[in-house]
There are 2 protein chains.
Amino acid sequence: MTSQQDLLDTLAQVARALGSGHRLALLERLAQAPASVETLAGSTRLSVGNASQHLQQLRRAGLVTANRSGKQMIYRLTDERIVSLIGLLRQVAETNLAEMERLVGQFFADGDSGGALEAVSRSDLLAGLKRGDVALLDVRPAEEFAAGHLPAAINIPVEQLEQMLDLLPEDKEIVAYCRGPYCALSHEAVQRLRQLGYRVRRFEEGYPEWKAAGLPVTSA
Amino acid sequence: MTSQQDLLDTLAQVARALGSGHRLALLERLAQAPASVETLAGSTRLSVGNASQHLQQLRRAGLVTANRSGKQMIYRLTDERIVSLIGLLRQVAETNLAEMERLVGQFFADGDSGGALEAVSRSDLLAGLKRGDVALLDVRPAEEFAAGHLPAAINIPVEQLEQMLDLLPEDKEIVAYCRGPYCALSHEAVQRLRQLGYRVRRFEEGYPEWKAAGLPVTSA
DNA sequence: GCAACATTCTATCACTCCATTGAATGTGGG
DNA sequence: CCCACATTCAATGGAGTGATAGAATGTTGC
């Protein structure tokens, strides 16, 4: 005799696992590529012990799995749909929560001098790629790029941006992307490239959303 | 200078609002129809004071809104997508959490004598309706039915099932639905109707999911 | 303005969650 | 077999959450 309440309580456990900014950051990082505890702790500025504890909460909620590889534990998302789930959560929050709207506004205005940083939507990007007049720039670290990226993207991690400018075409508009809508890497890249005179905009999503939508990705 | 962490923390607040079985029950009830605090408390077996507090957490998270109507406060969902969000959460949980699978199994086996209670999928239902060989039965309370229901559905609340049998056609298969996948009403109806000899199955979703999918609904 | 009603607020207690620390476990290399 | 390393476990204190009861607020009808 299972009551409906048991099911909802269990569902609520999963929701609670998403109820921490640190865990959402871990999930966002895991959406790029599987990683060890130490790597994840580094990406999220958590102590190793703390990261481990959060990862185990995510594991108990069925959101990540872990398997050993030598001395390291490699964590990965259990399910592609977790990216969609967080995306939907984001949409609902942005639409209905004033505080969220405010923060998003700040995030996009951050260091911006005008309204020109308008992001490129998925459909715009697909159209531009089809026409062949945009170049895709992936500004994530090389390791994440290697684990998977958009077709035909060029990888220049932000730290090495100025040193690798010759990889960028000059006759096309550049579209930069990174980990997701709240990832600052592509913002930074866009700003620095604009100062150097490049015609460049930001893709409003990131690699995980692209992949979760079932669009083609390339690895290695 | 908004950090990404502020955005994720705010997002986490919304997720935390979903992190309680009672609040999920309130949301499920609100997905049927807007309702007063007292009504909601009754539907979820919470005290009025407690329900009010949970509703305000949902309000702070931007998931519900309230406006006064005379002496009562009428709460409603802010966004249709909240139903999809919970649906996706449910899918992820059912796929990846062993405990969830166990509970769902119990829920469906509950009082069942065989495997014959296989639920009808959305596409099967649409096909059956198009062919005209299924009759739709809505077993929710009349008030929720009035606020919105599937086209051509007949409303017989479970409490009045035996008294209103003459509304049911005898030459068609009956498909019963209620509030959602975890709502027990249609289960109960199917079991009782089967014992009476009817050919009847359960729709695997409910009214809110149908509506959230953008399919046509009728009200009043 | 007062009585009846619906809802919210306040205070309290028990409980859970979070970050930190240091100890314990498991693994590969010598 | 022991050491170095990566990770997990266990214990602590502090902050937040949930349910309850009772007071306070706001609304309608007289």
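How many residue pairs are in polar contact across the interface of domain 1 of chain A and domain 2 of chain A? The rule finds three, with both residues of each pair at pLDDT 80 or more. The residues on the side of domain 1 that touches domain 2 divide into two nonpolar, one polar and two charged. The model is predicted.

**Chain A overall**

- Chain A has 10 helices and seven strands.
- Along the principal axes, the C-alpha atoms of chain A fill a box of roughly 65 × 45 × 30 Å.
- The radius of gyration of chain A is 19 Å, which agrees with the value near 17 Å that a compact globule of 220 residues would have.

**Domains of chain A**

- Five residues of domain 1 of chain A are in contact with nine residues of domain 2 of chain A.
- The two domains of chain A bury about 630 Å² between them, and carbon and sulfur atoms give 50% of this area.
- Three residues, Glu28(A), Arg29(A) and Gln32(A), supply 70% of the area that domain 1 of chain A buries against domain 2 of chain A.
- One salt bridge is counted between domain 1 and domain 2 of chain A.
- Arg29(A) forms a salt bridge with Glu144(A), with the closest N and O atoms 3.2 Å apart.

- The size of an interface is often given as the accessible area lost when the parts come together.
- For chain B and chain A, the buried area is about 4500 Å². Carbon and sulfur atoms give 70% of that area.
- Chain B brings 51 residues to the contact, and chain A brings 51 residues.
- Which polar links cross this interface? The rule finds zero salt bridges between chain B and chain A, while the count of residue pairs in polar contact is 14, with both residues at pLDDT 80 or more.
- On the side of chain B that touches chain A, the elements that give two or more residues are α1 (4–17), α2 (21–32), α5 (81–96) and α6 (98–109) of chain B.
- Helix α5(B) gives the largest share of that side, 13 residues.
- By class, the side of chain B that touches chain A has 26 nonpolar, 15 polar and 10 charged residues.

**Asn96(B) in helix α5 of chain B**

- Asn96(B) lies in helix α5 of chain B.
- Which residues does Asn96(B) contact, leaving aside its neighbours within four places in sequence? They are Gly62(A), Thr78(A) and Asp79(A).
- With Asp79(A), the contact is polar: the two side chains meet at 3.1 Å.
- A polar atom of the Asn96(B) side chain also lies 3.0 Å from the backbone oxygen of Val92(B).

**Salt bridges**

- Over all chains, the structure holds 24 salt bridges.
- One salt bridge joins the side chains of Glu94(B) and Arg90(B), at 3.4 Å from N to O.
- Both Glu94(B) and Arg90(B) lie in helix α5 of chain B. They are four residues apart, about one turn of the helix.

Key:
Residues numbered from 1 in each chain as written. Chains lettered and ligands numbered in written order. Heavy atoms only, no water. Contact = heavy atoms within 4.5 Å. Buried area = accessible area lost by both parts, 1.4 Å probe. Salt bridge = Lys/Arg side-chain N within 4 Å of Asp/Glu carboxyl O. Polar contact = N/O pair within 3.5 Å; in protein donor to acceptor, adjacent residues only side chain to side chain. Nonpolar A, V, L, I, M, F, W, Y, C, P; charged D, E, K, R; others polar. Rg over C-alpha atoms; globule rule 2.2 N^0.38 Å.
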